[in-house]
Amino acid sequence: MARTIWFMIKLAVVVAAALWIADNPGTVNLDWQGWRVAAPLWVLALAVVALMAFAALLYRGWRAIVGAPRAFVRARRARKREKGYRALTQGLVAVAAGDPASAKTFAKKADVLLNEPPLTLLLSAQAAQLGGDETAAARYFRTMLENPQTAFLGVRGLLMQALRRNDHGEALLLARRAQQIQPKTPWVLATLFELEARAGNWSSAEAVLRDAVHVDALPAPVGRRHRAALLVEQSDAAAAEGRREVALAAAQQAHDLDVAFAPATVRVARLLWAAKRPRPALRAVERSWKARPHPDLSAVWGEMVDPGTDVLAQVKRFQTLVGMAPEAPEGHLALAEIAMRARLWGEARKHLTKVADRPEGPGSRRAFRMLAELEEAERGDRDAARRWLARAAEADPDPAWICSACGSHADRWSARCAACGSFDTLSWQVPGSPVAVLALPAGSGAGVPADMPGLPPAGGGSIVPVPSRPEPKPA
Ligand SMILES: [Zn+2]
């Protein structure tokens, strides 16, 4: 519409000018350097218009000639970039399809055609990893460190490689660097926490844990339990240095965080007892016992007696303990043990039978063995003892501290698995049972990589190197 109006205006001006010239006839005389031209006005106007058109044409031609090389270069560059992006896309498709040879070829092609180091370096690293060339991949990742745009991906690639090699020292340094670059990335915090805890850097681990829970890298209940485990270790370290007040404060905090966490209760009870505070010590054990009975709790309950307490008084104390959790086999076994020491055979047999009558329940193997001892001690009946021992051999194993990362058994709890070094993976459970008594949600334990929160699933198709467990394989 606007263009039509504009055209009409221009046409009107031209027509008006022509009419004006027609209405005002006359001759223009030009006298210059001895030349004399006389022409009607309309001829002169026409000549001026023709001259202007010719000049415009000349200018365009000149521009085209001067700009030709630059236009040629520009077109060539565009074609090259288009080819480069096509190679990059084909390379990514090859990585996703798990075709290392094509991935490598396209990576090289894209690198030559495109001046985009962030994209081509990543593809080259992926292609190298896919082809099993970890050395070349590491070289690409290190080159990526030099560019602020790609540094984080470079650190990540190197970190995953270090984790796959089980080089936890190197992994810790890289995870710290990753945290410096991106302090709020969930997988960085979860990984860094695992590595700090694994290294026994309890206070650094605690600081990272707080951030990790804050950004939802770890669920709050898991964070609380990890914190309790850290505090127990800090308490042990302080106690070893003779700093009893610090040790007690840390153990108390751990106990308050997770009242059912027996290792924390045992420590707080012992420290309170040693500090001549028997009432809170016993109360801590009672609370924990009611929440989740555990043999370590009954053991510390047995320790916390005034000197000179006789064995019959101990039997009474354990009867109180059993009364707090009548269904728990741990209580009956502890009571039977103390009753046998007091030579109260009937009492001991009553409680052992309660556990042994439930052969599928935990602790029955120990109950059968104790019944064998009882037969020998009470009546010297070796045949009966042998029968109980035979049943013990067939019963389910007793619960133990078992590492959810490597499956190894431990005699006593510690924050780090002695076999694999994973943090807070020991849980009290019957070996081989799928249900862990103290089990944590998957991914909360150490061993980091595959189930690390925030990481894309392992396997082909991911642009970022993804760790895999237990068998290292290129992503
Ligand atoms: Zn382990």
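**Helices, cores and a zinc site in a predicted model**

At a relative accessibility of 44%, Ala 47 counts as partly exposed. The model in which this value was computed is a predicted one. Ala 47 belongs to helix H2, which covers residues 41–97. Its C-alpha atom is separated by 105 Å from that of Val 259, a residue 212 places away along the chain. Ala 55 is placed in helix H2 as well. Between the C-alpha atoms of Ala 55 and Gln 33, which are 22 residues apart along the chain, the separation is 25 Å.

The overall dimensions of the protein were computed next. Its C-alpha atoms fill a box of roughly 155 × 50 × 45 Å along the principal axes. The radius of gyration is 42 Å, whereas a compact globule of 475 residues would have a value near 23 Å. The secondary structure consists of 19 helices and five strands. Of the 475 residues, 41% count as buried. The accessible surface comes to about 26400 Å², and carbon and sulfur atoms account for 58% of that area. Among contacts between residues at least 6 apart in sequence, 52% join residues that are at least 24 apart.

The largest nonpolar core contains 54 residues. Leu 159, Phe 193, Leu 195, Leu 230, Trp 413 and Phe 423 are the members that touch the most other members. Helix H8, spanning residues 186–198, gives the most to this core and supplies eight residues. Apart from this core lies another, made up of 28 residues that include Val 266, Ala 269, Ala 284 and Val 300. For Leu 159, the contacts beyond four places in sequence are with Ala 171, Leu 174, Ala 175, Trp 187, Thr 191 and Leu 195.

Trp 413 is located in the loop between strand E4 (409–410) and strand E5 (426–429). Its relative accessibility is 4%; Trp 413 therefore counts as buried, the limit being under 20%. When residues up to four places away in sequence are not counted, Trp 413 touches Arg 225, Ala 229, Val 232, Glu 233, Phe 261, Pro 263, Arg 267, Trp 401, Asp 424 and Leu 426.

A zinc ion is coordinated at 2.3 Å by the SG atoms of Cys 403, Cys 406, Cys 417 and Cys 420. Along the chain, these donors follow the spacing C-x2-C-x10-C-x2-C. The angles among the four donor atoms are 107 to 112 degrees, and the site is tetrahedral. For comparison, the ideal angle for four tetrahedral donors is 109.5 degrees. Two of the coordinating residues were examined for accessibility. Cys 403 has a relative accessibility of 1% and counts as buried, whereas Cys 406, with a relative accessible area of 37%, is partly exposed.

Backbone angles were considered last. Most residues other than glycine have a negative phi. Asn 166, a residue other than glycine, has a positive phi near 60 degrees. Asn 166 is found in the loop that runs between helix H6 (151–164) and helix H7 (168–181). With a relative accessible area of 55%, Asn 166 is exposed. Arg 343 is likewise not a glycine and has a positive phi of about 60 degrees. The loop holding Arg 343 lies between helix H16 (329–341) and helix H17 (345–356). Arg 343 has a relative accessible area of 57% and is exposed, because the limit for that class is over 50%.

Note on methods. Residues are numbered from 1 along each chain as its sequence is written. This is a predicted model: local features need pLDDT of at least 70, side-chain atom pairs count only at pLDDT 80 or more; totals for chains, interfaces and linings use all residues. Side-chain values use heavy atoms; hydrogens and water are left out. Donors are N, O and S atoms within 2.8 Å of the metal (3.2 Å for Na, K and Ca); water is not among the atoms, so sites may look incomplete. Four donors count as tetrahedral if all angles lie between 85 and 135 degrees; four count as square planar and six as octahedral if opposite donors are over 155 degrees apart and all others between 65 and 115; anything else is irregular. Buried means under 20% relative accessible area, exposed over 50%, partly exposed in between (1.4 Å probe, protein chains only). A nonpolar core is a set of buried Ala, Val, Leu, Ile, Met, Phe, Trp, Tyr and Cys residues joined through side-chain atoms within 4.5 Å. Helices (H or I, at least four residues) and strands (E, at least two) are DSSP runs, numbered from the N terminus. Contact means heavy atoms within 4.5 Å. The radius of gyration is taken over C-alpha atoms; the globule rule is 2.2 Å times the number of residues to the power 0.38. Accessible areas come from the Shrake-Rupley method with a 1.4 Å probe; for residues, only the protein chains shown count as cover.
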